[in-house]
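Me: I am new to this one and would like a friendly tour. Could you show it to me, and then take my questions one at a time?
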Amino acid sequence: MCRFPFSLIIGLVSAIFACSINNANPDAICFNVLDYGAAGDGTTDDSQAFLMAWNEACSSETENPTLIIPRLTFLVSPVVFRGPCKAKNINFLILGMILAPDSPQTWKGLDQSQWLAFHGVSGLNVGGSGWINGQGKGWWDQSCRYHPHMKECTSLAPTAVKFLSCKRSSLSDIHFVNSAQTHVLIMRCDGMEINHLIIQAPETSPNTDGIHIQASYNVVINDIIVSTGDDCISIGDHTSNIYIFNVGCGPGHGISIGSLGRSGNIVQVENIYVSRVYLKGTTNGARIKTWQVGKGHVRGVTFENLYFDSVKNPIIIDQNYCNIRGACKEQKTGVQISDVLFENIYGTSSTDVAINLNCSRSVACTGILMKSIYLTSDKIGHKLTSYCTNAYGYSLGMIQPLPCLQI
Ligand SMILES: *[C@@H]1O[C@H](CO)[C@@H](O)[C@H](O)[C@H]1NC(C)=O
């Protein structure tokens, strides 16, 4: 079934990807994109071959159909890999590089928000040791964020990989580079595991978040390294049971919950757990930001075991978030933020306000617990401070800078 050198497979393919090399396991069959006409030369558009291989894998009744992208470079236009598939599990094994078209022109008449998307697939495992290269420069050069006066600037650029309406899925071992915008989007998913990723884009690239999670439940992120121009990980609305461990972040904007409630909607974010994160030179560390016009709640958030190296706003809750400082009038509404724990947080801040809990007058932050926090300035002779407004809770153990929570 598979035209694939056996030696290459050894060591690269974990148990879940075992498929019928020499037809040893007839229950799991490979669908190699080369068998569907892909050129793998980095210049021929291989999207049709990818889609044909996907369609066959997806309609295969075998137990573990595996689509294989071998160790070559494949230029792929925007595509959607649709489910549901026949098999309970389906594997998408990337050993080579998937390359995006380098010109935004390719997206003319197409959905500019995406490049590679998986839609409605359950039991999907995307993995391998390969690369996904978004070639985002063409988009960055025309982004309204950095070129607001350019006549045809764009605010929306393709996300490299979207997982839409997925169940019981995973993404592991891939190296992402230079997405035009967000690298990985998890949207309307229940049960997603993300392991061992490297995500890299220039510090100056606009909106190139590492991973964004939206309207999803039961997501685990473990062991990832993100250096980009925006949030390393951002958590959007309608999310719960999100567990994030072992993250290296920087440069970038840190780990963010929000912004939330921008359109006056009812926010529902619950049970977010972030632990063992090393942040270096990021603009924020642990952040929650909500718009005053929003309603609903963010509750049950833990940030613990964080280490900061020259982070600009190490601990920040901004309940008065506004895209233009001062442009948003004070409102009677607000997203309620409660039960937030900051524990075991160490390192250095590059600004003097290291703890900033800027909560709303109408809907205060409650149940904030700070435990064992020791931050110092990255500059000699600077003393750090905390700033709190309408922030209620308790502090335990050593806290530096001195805590400012109201009881
Ligand atoms: C708190 O938020 C208000 C409203 O956005 C802003 O004007 C103020 O500068 C913030 N304070 C700090 C210390 O960030």
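**Around the ligand**

Reply: Let's start at the ligand: a backbone N or O atom of N320 lies 3.5 Å from one of the ligand's oxygen atoms. This is a predicted model, where local features need pLDDT of at least 70, side-chain atom pairs count only at pLDDT 80 or more, and totals for chains, interfaces and linings use all residues. Residues are numbered from 1 along each chain as its sequence is written, and side-chain values use heavy atoms, with hydrogens and water left out.

Me: Which residues are around the ligand?
Reply: To be near a molecule or strand, a residue must have a heavy atom within 4 Å of it. The residues are N320, R325, N356, N358 and Y387.

Me: How many Å separate an oxygen atom of the ligand from an N or O atom in the side chain of N358?
Reply: A polar contact is a pair of N or O atoms within 3.5 Å; within protein, one must be able to donate a hydrogen and the other to accept it, and residues adjacent in sequence count only if both atoms are side-chain atoms. For N356, a polar side-chain atom sits 3.1 Å from a ligand oxygen. For the N358 side chain, the distance is 2.4 Å.

**Two residues elsewhere**

Me: Is P65 buried or exposed?
Reply: P65 lies in the loop between α2 (47-59) and β3 (66-69); helices (H or I, at least four residues) and strands (E, at least two) are DSSP runs, numbered from the N terminus. Contact means heavy atoms within 4.5 Å, and beyond four places in sequence P65 has contacts including I29, F31 and A87. Buried means under 20% relative accessible area, exposed over 50%, partly exposed in between (1.4 Å probe, protein chains only). Because its relative accessibility is 0%, P65 counts as buried.

Me: With which side chain does the side chain of S47 make a polar contact?
Reply: S47 lies in helix α2 and, at 5% relative accessibility, counts as buried. Leaving aside neighbours within four places in sequence, S47 touches L75, V76, S77 and V79. Its side-chain polar contact, at 2.3 Å, is with the side chain of D45.

**Confidence**

Me: Where does pLDDT stay under 50?
Reply: pLDDT is the predictor's confidence in each residue, from 0 to 100. The protein averages 93, and 93% of the residues score at least 70. The stretch where pLDDT stays under 50 is residues 1-16.
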